[in-house]
Amino acid sequence: MPQKDYVKTARPKPKAKPRASAARRSNSRAASKANRPWLLMLVTAILLSGFAGFLWYLKQQPSATANTPPEVSKSTPAVDELPVKPVAEPYQYIKELENKEVQVEVDTTEREQQGPFQMQCGSFRQADQAEAMRAQIAFAGYASAVRRTEGSNGVWYRVVLGPYNSKRQATADRNRLQQQNINGCRIWNWT
């Protein structure tokens with residue numbers, strides 16, 4: 001049995017491209033593009049004439065906002081009559097208030113001075129994280145401290161600022177720290 005070469009038979013034979021048909025296709029595209037300018041001019045003329053007709057139609061309509069004076073019958077003259085002035089003034093409070101004295105008693109109580117405040121800007125499990133937060137606060141221009149606290153859930157390192165005499169001072173410093181992208185600071189009573 002003769003052996004058949006499957007590699008050569010499996011390959012498709014290259015087809016020759018007809019060059020004349022490609023030239024005809026490009027010519028037909030050019031011809032269709034050449035036909036389009038008269039169509040474009042026709043559509044433009046129709047649109048412009050339609051717009052002009054619409055404007056003429058609007059001009060022929062009666063104007064709803066025209067300032068035409070209302071028709072007045074000339075047989076009856078318009079008389080502007082004023083009401084009769086009252087004899088006595090019905091409001092007497094003006095004269096009554098001139099002779100009255102106002103007694104005002106204001107109860108002022110002293111506000112209790114709340115204790116000193118502290119601001120906590122972070123609570124971390126590792127001391128180096130707390131020191132990094134303390135360094136950020138130092139670059140912002142504030143002095144802070146790292147406090148080690150032990151609780152039922154382990155050891156925490158807290159970054160605190162203060163003491164502040166008023167909550168307003170602590171809030172002002174917190175707002176300045178927020179402008180420096182140091183967020184999450186909380187204000188607590190000093191304990």
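Six bridges join strand 1 (residues 117-124) to strand 3, and the two run antiparallel. Strands here are DSSP E runs of at least two residues, helices are H or I runs of at least four, and both are numbered from the N terminus. Two strands pair if DSSP finds at least two bridges between them.

This is a predicted model: local features need pLDDT of at least 70, side-chain atom pairs count only at pLDDT 80 or more, and totals for chains, interfaces and linings use all residues. Residues are numbered from 1 along each chain as its sequence is written, and side-chain values use heavy atoms, leaving out hydrogens and water.

**Exercise 1.** Find the residue opposite Met119 in strand 3.

*Solution.* Take strand 1, residues 117-124. Met119 faces Leu161 in strand 3.

**Exercise 2.** Trace the pairing of strand 2 with strand 3.

*Solution.* Strand 2 covers residues 145-151 and strand 3 covers 154-164. Seven bridges join them, antiparallel. Ala145 stands opposite Val160. Two residues separate the strands, which form a hairpin.

**Exercise 3.** Give the strand order of the open sheet, then its edges.

*Solution.* The order is 2-3-1-4, with antiparallel pairing. Strand 2 and strand 4 (186-189) are the edges; each pairs on one side only.

**Exercise 4.** Which strands does helix 4 lie across, and at what angle does it run to strand 3?

*Solution.* Helix 4 (residues 127-139) lies across strand 1, strand 2 and strand 3. Contact means heavy atoms within 4.5 Å. Helix 4 runs at about 20 degrees to strand 3. Axes are lines fitted to C-alpha atoms, for helices over the stretch in contact; angles run from 0 to 180 degrees between N-to-C directions.
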